[in-house]
Amino acid sequence: MAFKAPAKPLKRGQPLVARKALAAKPLTPGQAREQDKAALQKRTLRALDKARRLAAEQGVDLSDWEDDFLNSVAQRVKTYGRAFRDPDKGAMNGTLSLRQGLKLREIHKKAKSQPKDASDDD
């Protein structure tokens with residue numbers, strides 16, 4: 001049996017169109033930096049909020065200083081985009097200084113180290 005040609009030629013119903021995502025213009029270096037900066041600020045705010053939530057869930061009482069630290073750093077990141085002024089204290093593109101990052105890790109570690117039901121052992 002031989003191959004039969006179709007009675008009608010094949011036609012495309014609609015012309016090919018590039019997807020919007022593929023047709024988008026590439027970012028300029030300035031736009032890419034702004035996106036990276038915004039993402040870093042968002043990540044920092046989430047880390048601060050996570051430390052506070054973890055401490056509350058575990059029943060860890062944060063000291064007044066630690067609570068004030070979390071609030072003030074979050075406020076400065078929201079307002080200024082970073083929580084320190086002196087570039088010698090941290091990375092130029094960072095949102096937290098080295099010591100602020102260290103204190104945030106200490107608060108997170110303090111909250112994780114205490115078991116949730118530590119006070120119910122009586």
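In helix α2, Q41, T44, L45, L48 and R52 meet D67, L70, N71, V73, A74, V77 and K78 of helix α3, where contact means heavy atoms within 4.5 Å. By class, this contact of α2 with α3 brings together 6 nonpolar, 3 polar and 3 charged residues; here Ala, Val, Leu, Ile, Met, Phe, Trp, Tyr, Cys and Pro count as nonpolar, Asp, Glu, Lys and Arg as charged, and the others, Gly among them, as polar. The model is a predicted one, in which local features need pLDDT of at least 70 and side-chain atom pairs count only at pLDDT 80 or more, while totals for chains, interfaces and linings use all residues. Residues are numbered from 1 along each chain as its sequence is written, and side-chain values use heavy atoms, with hydrogens and water left out.

The protein has 4 helices and 0 strands, taken as DSSP runs numbered from the N terminus (helices: H or I, at least four residues; strands: E, at least two). Read from the N terminus, its elements follow the order α-α-α-α. Of its 122 residues, 23% count as buried, a label that stands for under 20% relative accessible area, with exposed for over 50% and partly exposed in between (1.4 Å probe, protein chains only). The accessible surface of the protein amounts to about 10,400 Å², and 53% of that belongs to carbon and sulfur atoms; the areas come from the Shrake-Rupley method with a 1.4 Å probe, and for residues only the protein chains shown count as cover. Among contacts between residues at least 6 apart in sequence, 59% join residues at least 24 apart.

Next comes the geometry of the packed pairs. Two packed helices are described by the angle between their axes and by the distance between those axes. Helix α3 spans residues 64-80, and it packs with α2 at an angle of about 160°, the axes being 10 Å apart. Axes here are lines fitted to C-alpha atoms, for helices over the stretch in contact, and angles run from 0 to 180 degrees between N-to-C directions. The pair α2 and α3 is therefore roughly antiparallel, on a scale where angles under 35 degrees count as roughly parallel, over 145 as roughly antiparallel, 65 to 115 as roughly perpendicular and the rest as oblique. The crossing of α2 past α3 is left-handed, that is, the near helix is turned anticlockwise from the far one by less than a right angle (clockwise would be right-handed).

Helix α2 (residues 29-58) also packs with helix α4 (residues 98-113): their axes come within 8 Å and cross at roughly 25°. This makes α2 and α4 roughly parallel to each other, and their crossing is left-handed. On the α2 side of this contact are A47, L48, K50, A51, L54, A55 and Q58, which meet L104, I107, H108, A111 and K112 in α4. The residues of this contact divide into 8 nonpolar, 2 polar and 2 charged.

A51 lies in helix α2 and is buried, its relative accessible area being 1%. Leaving aside residues up to four places away in sequence, A51 touches L104, I107 and H108. A51 and L104 are 53 residues apart in sequence, yet their C-alpha atoms are 7.5 Å apart in space.

The pair α3 and α4 packs at an angle of about 130°, with axes 11 Å apart. That makes α3 oblique to α4, and here too α3 passes α4 in a left-handed crossing. W65, E66, F69, L70, V73 and R76 in α3 meet Q100, K103, L104, I107 and K110 in α4, a contact whose residues comprise 6 nonpolar, 1 polar and 4 charged.

Q100, placed in helix α4, counts as buried at 10% relative accessibility. Beyond residues up to four places away in sequence, Q100 touches F69, V73, R76, A83, F84 and T95. D88, by contrast, sits in the loop between α3 and α4 and counts as exposed at 72% relative accessibility. The C-alpha atoms of D88 and L98, 10 residues apart along the chain, are separated by 9.7 Å.
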